[in-house]
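Let's walk through this structure together, from single residues to the whole chain. Please keep the viewer open as you read.

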Amino acid sequence: MAVGTTLICLAILGACSTQKKLNTLQKGEGPSVQLTLGKQESYVPEVKNNSPQSRDTLKIVEDDGSEILIMKAIKDEETGEMVATDVIEAATVTARFRNIAERHGKVDLAFQVIVPESMRDSKWQLRFYPDMFILGDSIRLDPVVITGEAYRKAQLRGYQQYDRFLSRIVSDSTKFINIRALEIFLKRNIPEIYAFKADTAWVSDEVFYSAYGVSQQQAVEHYTNKFAKGNNERRKSRMGKMYNKYVKAPIVTEGIRLDTVIVSPEGDFVYNYIQTINTRPKLRRADIILSGDIYEQEQRLYTIPRSEPLTFYISSISAFVDNTERYLTKVIERRASANTECRIDFEVGRADVKPELGDNAVGIQRIKDNLASLIDNDTFDLDSIIVSAAASPDGSYALNASLAQKRSVSVSNYFEKYIKEYTDSVKLAAGFTLDLEGDGEMKSAFEGQKITLTPRSIPENWEDLRILVENDKVLNVDQKNAFADLMNKEENLDRRELQMRKADYFTYMKDALYPQLRTVKFNFYLHRKGMVKDTVHTTVIDSTYMRGVAALKDMDYAAAIALLSPYNDFNTAVAYVGLDRNKNAMKILSKLERTPEVNYLLALLYSREDEPEKAVECYMRACKQNRSYVYRGNLDPEISVLIKTYGLNQEEEEDDLFY
């Protein structure tokens, strides 16, 4: 009895304690969750002692040859002098902002969620929601969940109750069949059916029914406990309802950064949260704000107020991009040429162009379209066209030569007529212009432009035939070799064609390959409008280089290097720095003029390579050349570690920097 009384008293005291915590939180008098930056862990290698001076002291050589000693120091408030000091690390970071560096197109936002012990309770679940704000967008990050021991026990108890409910559901419907009663009935009344018990052969329901007048389903249903089966089905239908009844606070694991059970809390709970994000153009800062709720099972007891924002200022190597446009010298030729060909079928022994014959309409229309586009071209004037008609080796060479020439002339005349009709129609569409006296004059782009067509012929197109045979998929290797042999040995074209007629491949060649030799080729010769000289040298933007610069701005350093590596200039070095290819970057930068940008990047690289003297020297020079690098130095961890280690930038005068 005494034990029971003690337990009741403890329960009452626990409930009072929980309510007191809640009342305190609601009044705003209690502890609150903290969102802090925590201790910054830099990946920059520790500065090594590579000089006769101690690690805390560096000797820097100025441009004029003078030497300056630099040590870790602070200003004495009484004397105003800089004195050497040891570093005392603070136990708690209270700053609300941090400078972080983008590397490889990514940044890590590292912060701490600190929950005081007095804010937690065994019956509660604390849910914290970090929200990230970048470039005007807000993104909810994965929540952090802290679960009290009693809260989790209640969750598990709900699952146990639901599992007990599920255990009462029968998944095997045969459990409701009174198999024993069915077997006794069949054995006594229908022994033929009972015999199926030991028979492994499958019997269809139709055969069963036709033999015994009752279906298998009917027999099963007769000996099924319908009441028990109905209860089971009702339990199945209530599964969702019963889940909601017992599992009031489901255990969620997906999409949660942390869910931990606090059993016996001692001291503050600290969770180090790291969110990696891909950087993007114009991303210079990111803010993190924390909010949350306190739950007791399904009931929300308290909404945790939104915290003050943590601000991360993002520095990117891409900020060093030189946007100066790069140009190439381009030689422009006055004259230009283009060519195409089409297949035009002719009647046997005839040279007339007939659009309706075979596929002529398609080929002829394509040539007309090409001519129209060249005539209308704003850059070039069409001067002349050479029309070359070719014939197959079928027949005597003399006859083929005459026929090919006639066909070439016929095609030239056909398209010369088309050109005249087309230019006349364009002139007509251009209309007249009236001068002040009212006299009319036709203005046209074709004034003074004359296009000449010159017919040429290829009597027998043996070279194209050679190519067709080499690429043919039907002829075998022996046939191709025999044809090549004939081409090399027999120079007389008529005798060559005569011997070829005796070959086993000739019929196929005549039917499949000869028609492809009856082509008409068009060579177009043009000149640039208004251009007199044969060549002109001009400058154009180097599009490849500018694509590399664009990739660099987008922090796609791999793509930037692929485009910029042949140039080996400052932007190439920036891309190498972005990918930590420090040797490549230093090799380029060391050859460039020591501008403030070059000096700063060299300082960054020397810091990475554990050469602090050279790093500080380059950084000091960059700051003297451009004061903005005094502030930029805190953004890059490689430079920031130098500033902190050697107490740089603690004093400034109007025209110079003293360290």
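Is Leu135 buried, exposed or partly exposed? At 43% relative accessibility, Leu135 counts as partly exposed, where buried means under 20% relative accessible area, exposed over 50%, and partly exposed in between (1.4 Å probe, protein chains only). Before going on, please note that this is a predicted model, in which local features need pLDDT of at least 70 and side-chain atom pairs count only at pLDDT 80 or more, while totals for chains, interfaces and linings use all residues. Residues are numbered from 1 along each chain as its sequence is written, and side-chain values use heavy atoms, with hydrogens and water left out.

Back to Leu135, which sits in the loop between β8 (125-134) and β9 (137-140). Helices (H or I, at least four residues) and strands (E, at least two) are DSSP runs, numbered from the N terminus. Most residues other than glycine have a negative phi. Leu135 is not a glycine, yet its phi is positive, at about 50 degrees. Gln297 also has a positive phi, of about 55 degrees, without being a glycine. Its place is the loop between β13 (285-296) and β14, and Gln297 is buried, with a relative accessible area of 18%.

Follow the chain through β14 and you come to Ser307, in the loop between β14 (299-304) and β15 (310-315). Why does Ser307 count as buried? Its relative accessible area is 18%, and buried means under 20%. Setting aside neighbours within four places in sequence, Ser307 is in contact (heavy atoms within 4.5 Å) with Leu35, Ile289 and Leu290.

Now for the aromatic rings. Rings of Phe, Tyr and Trp (its six-membered ring) pair if their centres lie within 6.5 Å; planes under 30 degrees apart count as stacked, over 60 as edge-to-face and the rest as tilted. By this rule there are 16 aromatic pairs. In one of them, the ring centres of Phe483 and Tyr505 are 6.5 Å apart and the planes stand at 90 degrees, so the pair is edge-to-face. This pair links distant parts of the chain, 22 residues apart: Phe483 belongs to helix α12 (residues 477-489), and Tyr505 to the loop between α13 (493-500) and α14 (506-513). Phe483 is buried at 2% relative accessible area, and Tyr505 is buried at 4%. The rings of Tyr600 and Tyr619 have centres 6.1 Å apart and planes at 65 degrees, so this pair is edge-to-face. Here helix α19 (residues 596-608) supplies Tyr600 and helix α20 (residues 612-625) supplies Tyr619, 19 residues apart.

What about enclosed space? On a 1 Å grid over the protein atoms alone, a cavity is a set of points where a 1.4 Å probe fits but cannot get out; lining residues have an atom within 4 Å of a point. There are 2 cavities of 30 Å³ or more.

Finally, zoom out. The protein chain has 22 helices and 25 strands, and buried residues make up 39% of its 659 residues.

Note on methods. On a 1 Å grid over the protein atoms alone, a cavity is a set of points where a 1.4 Å probe fits but cannot get out, and a pocket is an open set with protein on both sides within 12 Å along at least five of seven lines; lining residues have an atom within 4 Å of a point. Grid points are joined across faces, edges and corners, and a volume is the space filled by probe spheres set on the points.
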